[in-house]
Amino acid sequence: MNLKRRDVLIGGGFGAIALTVAQSAQAIVDWLRLPMFLLPALPAVGLEPALMSEPDLPDLILRFAITADAGSGDYYQYQVARAMTRYYQQHPFPLVLLAGDNIYTNGEIWKLGRVFERPYQGLLESKVRFQACLGNHDIRTHNGEGQLRYAPFNMPGRYYTFKQSSVQFFVLDTNGNADWVSQLSWLEQELSQSTALWKLVYGHHPLYSCGRYGNNPNLIQKLAPLFARYGVQLYINGHEHNYQRSQPLQGTTYLTCGNGGARLYPVERRDWVAMADSRHGFSVVEVYGDRLQIQAIDTQGQVFDQCLIKGV
Ligand SMILES: [Fe+2]
């Protein structure tokens, strides 16, 4: 056995022991319902030297990953981050949508090392860009202003838009205290002016949900007509701590990706639900000229949901 191979195996062994200890400690913290920050610091998630990238389809335009409700700083977030990092090495992506509740429990900036910089260390060192929005937990400290100023979250404002290839992303502040009058006016103007092939909107809260919170009539009334009018193909959210994918509703698919680390919530069957699962993981969207491919991936790297959204 050469030295490098042995080092990898020894390193992997220690890593596995560290994770087993972390899992046991997490179980105790869960059982006693103690604050998760009583747990010892978990090792940073770096790149794995043995992994190689696999070839993409020739017409791939953009691949991006999504995680939400991730900022627990506990064993489960690190398991998801490890799976994301491993996936990245085989299928590189330049962008992660961080769809809110980035820092539990109260959006405390001092926790960023534990809930962001260490779990995503390998991705950050690889220059993967995160684009965040604010969840309900994030605004509990100074209304989220600290996160707006934190450069790696790449937030020019509480709501904003950015383009990448043929995709335009519209990022919302879906919290109850948002300036909804200004935000909705801005959203309609931006959507109406957009010439992007793909218009994707994300915010923390779901419009439709088959989990703990159920549908949100207020958000449906505010946003769904705009999505239908301007051809938004996909709305992405967290808040529900599970994975949900709707059937297309008036042309928009609703994707809940709140399975990024926080304690899971159950899901129920509904007639508008195409797939729902209470399982930790992350999601990946591949953008092509004529279709989007959505994949849900668990902490073992298994694809547990997949669908295609055809362009018009
Ligand atoms: Fe939330």
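Residues are numbered from 1 along each chain as its sequence is written. The model is predicted, so local features need pLDDT of at least 70 and side-chain atom pairs count only at pLDDT 80 or more, while totals for chains, interfaces and linings use all residues.

**Exercise 1. Describe the largest nonpolar core and the contacts of I236.**

First, the terms. A residue is buried if 20 or more other C-beta atoms lie within 10 Å of its own, exposed if 12 or fewer, and partly exposed in between, with C-beta atoms placed from the backbone. A nonpolar core is a set of buried Ala, Val, Leu, Ile, Met, Phe, Trp, Tyr and Cys residues joined through C-beta atoms within 7 Å. Helices (H or I, at least four residues) and strands (E, at least two) are DSSP runs, numbered from the N terminus.

Now the core: it has 69 residues, and those touching the most other members are I66, M84, A99, Y202, Y235 and I236. The most is given by helix 2 (residues 75-90), with 9 residues. Then take I236: leaving out residues up to four places away in sequence, I236 touches I66, L97, A99, L200, Y202, L255 and C257.

**Exercise 2. Work out how strand 9 sits among its partners.**

Begin with burial: 5 of the 5 residues in strand 9 (residues 253-257) are buried. T253, L255 and C257 lie on one side, with Y254 and T256 on the other. Next come the partners (two strands pair if DSSP finds at least two bridges between them). Strand 7 (residues 234-237) pairs with strand 9 in the parallel sense over 4 bridges, and I236 stands opposite L255. Strand 8 (residues 243-246) runs antiparallel to strand 9, joined by 3 bridges; here Y243 stands opposite C257. Finally, check the hairpin of strands 8 and 9: 6 residues lie between the strands, and Q250 takes a positive phi near 50°.

**Exercise 3. Determine how helix 6 and helix 7 are packed.**

Axes are lines fitted to C-alpha atoms, for helices over the stretch in contact, and angles run from 0 to 180 degrees between N-to-C directions. Helix 6 (residues 180-193) and helix 7 (residues 217-230) pack at about 10°, with axes 10 Å apart. Angles under 35 degrees count as roughly parallel, over 145 as roughly antiparallel, 65 to 115 as roughly perpendicular and the rest as oblique. The two helices are therefore roughly parallel to each other. At the meeting place, W180, L184, L187, E188, L191 and S192 in helix 6 meet K222, L226 and Y230 in helix 7.

**Exercise 4. Examine the backbone at D101, T105 and H239.**

Most residues other than glycine have a negative phi, and most peptide bonds are trans. D101 has a positive phi of about 55°, and H239 has one of about 75°. D101 counts as buried because it has 28 C-beta neighbours inside 10 Å. H239 also counts as buried, because it has 27. Lastly, a cis peptide bond joins Y104 and T105, with omega about 0°.

Note on methods. Two residues are in contact if their C-beta atoms, placed from the backbone, lie within 7 Å.
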